[in-house]
Amino acid sequence: NLRTIRSIPLRLVGALERCQRVEVRGEVYMSHAAFERLNRELEAQGEAPFANPRNAAAGAVRQKDPGVTARRDLRIFVYQLSHAEPFPFEAHSAVLAALRESGLATNPRSQPCAGLDEVWSYCQRLESERDRLGYDADGAVVKVDSLGHQRRLGSTAHHPRWAIAYKFPARSAETRVLDFKVNVGRTGALTPAAVLAPVRIGGVTINNTTLHNFNEVQRLDVRKGDTVVVERAGDVIPHIVRVLLDRRPADAVPLPLPDRCPVCGSSASRPEGEVVIRCTNAACPAQLKESLLHFGSRGAMDIEHLGEAVVDQLVERGLVHDFADLYRLTVAQLAELERLGEKSATNLVNAIAGSRNRGLSRGLYALGIRFVGERAARLLAEHFGSVDRVASATVEEISEIHGIGPRIAESVRLFFDQPPNQKAVEHLREVGVVLEEASRPAGPKPLAGKTFVLTGTLDQMSRDEAKARIARLGGRVSSSVSRKTDYVVAGEEAGSKLEDAKRLGVAVLDEAAFLDLTAPEHDVRGGAP
């Protein structure tokens, strides 16, 4: 689909032409002129127009037919060279110049600034010109130019320390709340929304707005019939800023807290200390697609070929209503799906069948129990050994497991207390899914208390096999390097985690050293690391 965008060259020239491998990042967008043209065409054909250019661009990129994408007149601005071999650049401004020289479109308004006064002047000027850009933009990103300084500054799990966004003030308008509705998201979150009297903000008609969660509803004290001020965050997402209390009618009605899922009727729960109310039924139709994708994901049942396009069709055609239905699918049924011939259907059926024996640890993770990740699932499986013992355990018994806190324990108990979830587990058992952990001889745990981080590619085993080996010897695997990390295992093409390890003085193991440390004899001899 991206190859249909004319501003993406099919062959690089200039500085990047000499690179053996290149990865660039950018943002696809639709200009205001192209958006208006597209909506006129849709309306002429009797189809519903798009709400805004962002939705139109995102929908075009996701099209299954590249011909549709090509007709949408998309464009792109490339803003980062995230990988190149070799990488000869020392400044972000030099990278942008090389991208342009190589035929990639960068934003022509990008500008180096000598200090913060220049940055402030630039942002103010850009804000004054926002209506003349010809496309939607919600601000500017200010970056440290030196790539060496960027590496030294590093990043948190959420954002880089070497960049910050300057956001334009949001546009706003007044309108009235006509009604409320509660949507159920893919993870079971019950999200309140307000139905609004239509109002135009920044050239877009707003009819609905999310209220995020029920704490926000109470904070705003928004009621049916209220007059409210609505903004478009980032010039895209509408939200209620405040209620005009002096214009509240006498019969304004508040939104009650739900105790049942509006889709499946199962009980809705808000764990202590959280703001989100959730449906507790893993088989709820509103979250079924996402649940199935998680069930088949790599760390769960690892069902190859079970992608989003297949799952969408399975649910929409009524072929799958819960996890167990996957194991009842036939080649003939799957071969009728779009883009899935007999050979692909056979491969998928075989992949599903092969997942029956993944064991309890993966099975518990696959069920999508809130707060139960791969590590918690493994701890539960090792402690209880069977899904029946997990399902009958009390909160106190689960909390006694080292590494399992009360929040996880309460979530596990809540999950297995729900009749739909009990049925889902029983149905999995009926189709032959093994929900017991293979017995493993008790032995020493020489890596107990040790934390590992894996980076790069190992030759002799997969990432999952390396994790399993560490866990078998009592260690744990983390996703990020910190001063509490004991070892970083660095394979081929190790990334920034290796640099973090060197900077923090964390021990680095190559594959040979890792294999020696976790050699099978440690299981019986208990050799100290």
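Which residues form one aromatic cluster? In this predicted model, the cluster is made up of Tyr 29, Phe 77 and Tyr 135.

## Aromatic pairs

The structure holds 11 aromatic pairs in total. In one of these, the ring centres of Phe 295 and Tyr 327 are 6.4 Å apart and the ring planes meet at 85°, so the arrangement is edge-to-face, given that planes over 60 degrees apart are classed in that way. Phe 295 belongs to helix α8, which covers residues 288-295, while Tyr 327 lies in the loop between α9 (308-316) and α10 (331-335), so the pair ties together parts that are 32 residues apart in sequence. Both Phe 295 and Tyr 327 are buried.

## A charge over a ring

An aromatic ring also takes part in a contact with a charged side chain: the charged end of Arg 407 sits over the ring of Phe 371, at 4.0 Å from the centre of that ring.

Side chains of opposite charge can pair when their charged atoms come close. The count for this structure comes to 21 salt bridges. One of them joins Arg 21 and Glu 85, whose closest N and O atoms are 4.0 Å apart. This pair links distant parts of the chain, with Arg 21 in strand β1 (residues 21-29) and Glu 85 in strand β2 (residues 75-85), 64 residues apart. Arg 21 is partly exposed, with a relative accessible area of 42%, and Glu 85, at 32% relative accessibility, also counts as partly exposed.

A salt bridge is also found between Asp 138 and Lys 167, where the closest N and O atoms are 2.8 Å apart. Here, too, the pair links distant parts of the chain, since Asp 138 is in the loop between α5 (116-128) and β3 (139-143), whereas Lys 167 is in strand β4 (residues 163-167), 29 residues away. Asp 138 has a relative accessible area of 25% and is therefore partly exposed.

## A pair within a helix, and a network

Arg 378 and Glu 382 meet through their side chains in a salt bridge, with an N to O distance of 3.9 Å. Because they are 4 residues apart in helix α13 (residues 374-384), Arg 378 and Glu 382 are separated by about one helical turn. Glu 382 counts as partly exposed, at 41% relative accessibility.

Elsewhere, salt bridges that share partners join four residues into one network, namely Asp 221, Arg 223, Asp 226 and Arg 248.

Definitions and conventions. Residues numbered from 1 in each chain as written. Predicted model: local features only at pLDDT ≥ 70, side-chain atom pairs only at ≥ 80, totals over all residues. Heavy atoms only, no water. Phe/Tyr/Trp six-rings, centres within 6.5 Å; stacked < 30°, edge-to-face > 60°. Helix = DSSP H or I, 4+ residues; strand = E, 2+ residues; numbered from the N terminus. Buried < 20%, exposed > 50% of the residue type's maximum accessible area, 1.4 Å probe, protein only. Lys NZ or Arg CZ within 6 Å of the ring centre and 35° of its normal.
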